[in-house]
Amino acid sequence: MYFTPHRHGFTPFASSPPDAAPEPVVIVGAGPVGLALALGLARRGVVVTVLESGDSVSYGSRAICLSRHSLEVLERLGVGERFAERSLPWTSGRSFHRDTEVLSFAMPHEDGDVRAPMVNISQSEAEQILVDEIEATDHCTARWRCRVLDCTERDDHVGVRVETPEGSRELRARWVIAADGARSTVRESLVLRMSGTSYEGRYVIADIHWRAPLPTERRVWFDPPSNPGSTIILHRQPADIWRVDYQLGPDDDPEVETTEERIRERITRHLDWLGNTEPWTLEWSSLYRAHSSSLDSYLHGRVLFAGDAAHLVPIFGVRGLNSGLEDADTLAWTLSSVVHGTAGPELLRTYAAERRAAWRQYVDQAEKSTLFMTPGTHGYAMTRDAVLTLANRRPVLRELINPRQSGATHSRTSPLTVGATEDEPRSLVPGDPVPDHAVRVAAGGARTSGLNAERGPDLAVLALDSEPEALADKVAALRARLAPGVGVRGLATSREAARVHGAALPETTLLDDSAETLARALDADFGEVFVIRPAGLLLGRFPDLEHLGRCDALADHVLRGGSR
Ligand SMILES: O=C(O)CCc1cccc(O)c1
């Protein structure tokens, strides 16, 4: 059954009184990024209001693939289990040229990984899970049928004019987040423009209900006999829904090609060619053209931009929603630190710079997949066809067919990253996302857990094979240099199981790494110390606890508290 969103009514509210303190945070847009950010802020004790012009989450599944990293973000928001129940995990894909298989790929998946590399779930359903959670969460209100007209920067707040079914209202907010999508009203009202590239090819994207005995994997056909000259992508979603994307030719009229009749005809041809005998129904469709574009900065006064309101990336390789959830994850801890006064507002410049740099990383990857999926010129099309024709004879060419499915981005050049060097020989360098990994907690009755669950929502200091007492002292010293209220969790591993079963220490977790799996996953030497940021990036790695002092500069720079 295709997903039908719940309808939400308008709840009356008054304009902010001019003599009262402004609301801490208003988020414009109840898409997945705005909703995830609202939950992230609320979990960190920030009062937040979401304004949405519609009366429901989006209709039509739109973005469907969530990366392992996005699942980590959703876990931090407390909805990991719901997503695990409702989504379909997958690990691999196959590409075909005409009727010949030319690539079979598997996404990285190691023993000890806590989650699948990718899951599929419709965007509408993902949004509804987040809305349901917001409704059950303190500090956080979603207001439906509230269309933001414009935002005006004032001395110590932003004025947000809102059209409601009961007339217009003005809210005053210390911080406004534009998470209102590719056609952002907030961006318009501040007269800001994105710049970048638009790609030639147009794709019809459709969801069909089809009981097909095919595995959950990504399948792509280049120039299939069913639709010569086109490229077709097939993804399985939960509840027998399939996403079919196909490229239109340069002479195809999009108006004709998006009629139900034409879509049915094209999809029928392809499914028949696959040998289908099952009936299917067309549930939803849309037309897509790929863009890579971004604002120059994601911070303008007291207005911050996230997700598609800030940047666009092509769908190929599934980076759009996944990059937006990374924005939300980073903004939740940085903005909450500023709102609580445990960091100065300059931390938000770091958010803006890091996420702009992340967009560049996504585009560098996405551009390669996009040129392959929608070659813009005759030259590119010829090259692509040659690669596809030769791929089975020259396997090295298969790398060009690989869609480079989305993975988490790094912040190696961020001012929050300590000690990154260009020629780092390690696989995990400062600024990189630290992968979640299964761990064995030793104290208080041994149990299996995950690194993310144990490090918690704050800064974490992970010392490999070190004395827990020495770590606890260093963690206390680091905490003392930070603003009151900044949490720091210590995690000490040991290779000797006997040693970690000693007495529990305050705010320090003892991990049994006698099998050395965590050390291997982190590419770490024994004695090394990792400092991990709240959203999971490696702030720095140090040869031993004595070198942890190098974090002091960082503590002085951004994490000592500042003006609200
Ligand atoms: O697998 C791909 O490269 C694209 C999958 C995708 C993602 C989002 C929307 C859509 O129609 C297809």
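Q: Let's start with Val-191: buried or exposed?
A: Val-191 counts as exposed because its relative accessible area is 62%. The cut-offs are under 20% for buried and over 50% for exposed, with partly exposed in between, using a 1.4 Å probe and protein chains only.

Q: Before we go on, what sort of model is this?
A: It is a predicted model: local features need pLDDT of at least 70 and side-chain atom pairs count only at pLDDT 80 or more, while totals for chains, interfaces and linings use all residues. Residues are numbered from 1 along each chain as its sequence is written, and side-chain values use heavy atoms, with hydrogens and water left out.

Q: Thanks. Where does Val-191 lie?
A: Val-191 is in the loop between helix H5 (185-189) and strand E12 (195-210). Helices (H or I, at least four residues) and strands (E, at least two) are DSSP runs, numbered from the N terminus.

Q: And what about phi of Val-191?
A: Phi there is near 55°, a positive value in a residue other than glycine. Asp-465 also has a positive phi, of about 55°, although it is not a glycine. Asp-465 is in the loop between strand E22 (459-463) and helix H13 (468-481), and it counts as buried because its relative accessible area is 17%.

Q: On to the ligand. Which residues are around it?
A: Arg-62, Ile-205, Arg-218, His-235, Arg-243, Asp-245, Ile-315, Phe-316, Gly-317 and Val-318. A residue is near a molecule if one of its heavy atoms lies within 4 Å of it, and the rule for a strand reads likewise.

Q: How many of the shell residues are nonpolar, polar or charged?
A: Four are nonpolar, two polar and four charged. In this scheme Ala, Val, Leu, Ile, Met, Phe, Trp, Tyr, Cys and Pro count as nonpolar, Asp, Glu, Lys and Arg as charged, and the others, Gly among them, as polar.

Q: Which polar atoms come up against the ligand's oxygen atoms?
A: A polar side-chain atom of Asp-245 lies 2.5 Å from a ligand oxygen. An N or O atom in the side chain of His-235 is 2.7 Å from an oxygen atom of the ligand, and a backbone N or O atom of Gly-317 is 2.9 Å from one. A polar contact is a pair of N or O atoms within 3.5 Å; within protein, one must be able to donate a hydrogen and the other to accept it, and residues adjacent in sequence count only if both atoms are side-chain atoms.

Q: What share of the ligand does the protein bury?
A: The protein buries 97% of the 340 Å² that the ligand exposes when taken alone. Those accessible areas come from the Shrake-Rupley method with a 1.4 Å probe; for residues, only the protein chains shown count as cover.

Q: How many residues of domain 1 and domain 2 are in contact?
A: 19 residues of domain 1 are in contact with 16 of domain 2, where contact means heavy atoms within 4.5 Å.

Q: What about Ser-292, buried or exposed?
A: Ser-292 is buried, because its relative accessibility is 2%. Ser-292 sits in strand E16 (residues 280-294), and its side chain makes a polar contact of 3.0 Å with that of Tyr-199. Beyond its neighbours within four places in sequence, Ser-292 is in contact with residues including Leu-312, Pro-314 and Trp-359.

Q: Changing topic: what does the side chain of Arg-68 reach?
A: A polar contact of 3.1 Å joins it to the side chain of Asp-113, and it reaches the backbone oxygen of Arg-115 at 3.0 Å. Arg-68 lies in helix H2 (residues 68-76) and is buried, with a relative accessible area of 18%.

Q: Last one: how far is Gly-9 from Trp-144 in space?
A: They are 6.4 Å apart, C-alpha to C-alpha, and 135 residues apart in sequence. Gly-9 is in the segment before strand E1 (23-28) and is exposed, with a relative accessible area of 52%.
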